[in-house]
Amino acid sequence: MQQSVCLVDDDSELRRAMKQTLELAGLAVSAFPGAAEALAILNPDFDGIVVSDIRMPGIDGLTLFRRIADFDADLPVILVTGHGDIPMAVQAIKDGVYDFIPKPFAADRLVQSARRALEKRRLVMENRALKRAAEVAGESLPLIGQTPVMERLRQTLRHIADTDVDVLVAGETGSGKEVVATLLHNWSRRRNGNFVALNCGALPETVIESELFGHEPGAFTGALKKRVGRIEHASGGTLFLDEIEAMPPATQVKMLRVLEAREITPLGTNIVRPVDIRVIAAAKIDLGDPAQRGDFREDLYFRLNVVTLSIPPLRERRDDIPLLFSHFLTRAAERFKRDVPTLSPAVSHYLMSHSWPGNVRELSHFAERVALGVEGSLGQPIAAAPTSAGLPERIERYEAEILKEALRAQHGDVKATIEALGIPRKTFYDKLQRHGINRADYADRRGSEKSGR
């Protein structure tokens, strides 16, 4: 959705002129003759900015700014005045006004200020979305992401969490399958029960049945006392079976019985015990494909496949990488009691060019190494940034490094750089201006005239 400018001015002619100026620059504008009308649409979820005249009847521009700051201090407000009141401008900036534009002003002055403010607002809103996602996902490997596929996945989890339906989760190694299972448990009515996880690929065949079903004393050599199995321990809660494709065929038969009858028979006894469980299974392969399924029982697959959730690999949602990396880097810096580092061009390039076969888990470990400053193989040592730098500032630095790296790789050639970045030409120049990057600094002798076309 396009961000918009909330324009407030009681002078109809000037209001119309400013609206036209901003719209010709490609910005969406909602114009109002007074502050009261504007306040009716403004709230912390408003993703745009406010441009207002100062001298207005009723609620003036400074009062409008203060009322906005009361509910959202991060909503940029640009004030316009025809009185050239320098002390007022200085005080307004100190109070938090984003910009102060004296009349008369050039059209470009208003447009550039609005664009910078909109970009700041965009980063603020992204930061808030990241924090909300982190709060929702918990502290392990959060299900963070703003790409459509991740939004849909979170919505689906919310929708099915309380249904008690068994779920099959498909995804590559490190993509967050256990995170999904944990969220389903935490968001369900079973949250007060046990969340019991078992990796079917980590246990030998001789041990897995005892782990799952439990055993009585003397059930086999070494069984000296009774053991409650994972299934029974999960009764009233959730059982998570990771890498279920590695479950031995004999155990699959017994697991099918558990899913159908919700009862178990521990080893060494004929006593049947009822269990109240929800089963969430995870697989690294597509169990619906017979070629990949191998000796995994088809009937067990169909019994598990009531609802299937697919987690996309990180390489298919690269737009989420900056947010994820910023979260992991901040968390790692806090844990290691280090300053959050700025990113070298080499690290920035690696983030977006690496295929991340280990997915989110690999990215998290990489962030830890960056926080410790041990990624020497990627380029120059990473410089520390002030701990006061927030996520928007770090994302700004990251974007600037990406632009510089692309310009450097293309020797300042604008056309090649734009193609490499995959962004419109106008966006490219706007970002150069915002970050204070001079394209000519990266042009080589092959001809700066050619690179500017």
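I began with helix 18 (residues 425-435), whose buried residues I list as Phe-428, Lys-431, Leu-432 and His-435. I take buried to be under 20% relative accessible area, exposed over 50% and partly exposed in between, with a 1.4 Å probe and protein chains only. Seen down the axis of helix 18, these buried residues fall within an arc of 100 degrees, so they line one face of the helix; the arc is that of the directions from the helix axis to the C-beta atoms. Gly-436 follows helix 18, and its phi is positive, near 70 degrees.

Before going on I noted the conventions. This is a predicted model, in which local features need pLDDT of at least 70 and side-chain atom pairs count only at pLDDT 80 or more, whereas totals for chains, interfaces and linings use all residues. Residues are numbered from 1 along each chain as its sequence is written, and side-chain values use heavy atoms, with hydrogens and water left out. Helices (H or I, at least four residues) and strands (E, at least two) are DSSP runs, numbered from the N terminus.

I then looked up helix 14 (residues 345-353), where Val-347, Ser-348 and Leu-351 are buried. Viewed down the axis of helix 14, its buried residues also lie within an arc of 100 degrees, so they line one face of the helix.

Next I turned to strand 4, which is mostly covered, as 5 of its 5 residues are buried. Val-77, Leu-79 and Thr-81 point one way from strand 4, while Ile-78 and Val-80 point the other way. Strand 3 and strand 4 run parallel and are joined by 4 bridges (two strands pair if DSSP finds at least two bridges between them), and I found Val-77 of strand 4 to be the bridge partner of Val-50.

I placed Asp-72 in the loop between helix 3 (61-71) and strand 4 (77-81). Is Asp-72 buried or exposed? Asp-72 counts as buried, at 4% relative accessibility. Its side chain is joined to that of Arg-121 by a polar contact of 2.8 Å, the term standing for a pair of N or O atoms within 3.5 Å; within protein, one must be able to donate a hydrogen and the other to accept it, and residues adjacent in sequence count only if both atoms are side-chain atoms. Not counting residues up to four places away in sequence, Asp-72 touches Pro-44, Arg-121 and Arg-128, where contact means heavy atoms within 4.5 Å.

I also checked Ile-41, which lies in the loop between helix 2 (35-39) and strand 3 (49-53) and is partly exposed, with a relative accessible area of 34%. Leaving aside neighbours within four places in sequence, Ile-41 is in contact with Cys-6 and Phe-32. Ile-41 and Cys-6 are 35 residues apart in sequence, and their C-alpha atoms are 9.1 Å apart.

The structure holds 0 disulfides, a disulfide being a pair of cysteine sulfur atoms within 2.5 Å.

Last, I recorded the totals for the protein chain, which has 19 helices and 12 strands and of whose 453 residues 49% are buried. Of the contacts with a separation of 6 or more, 70% involve residues 24 or more positions apart.
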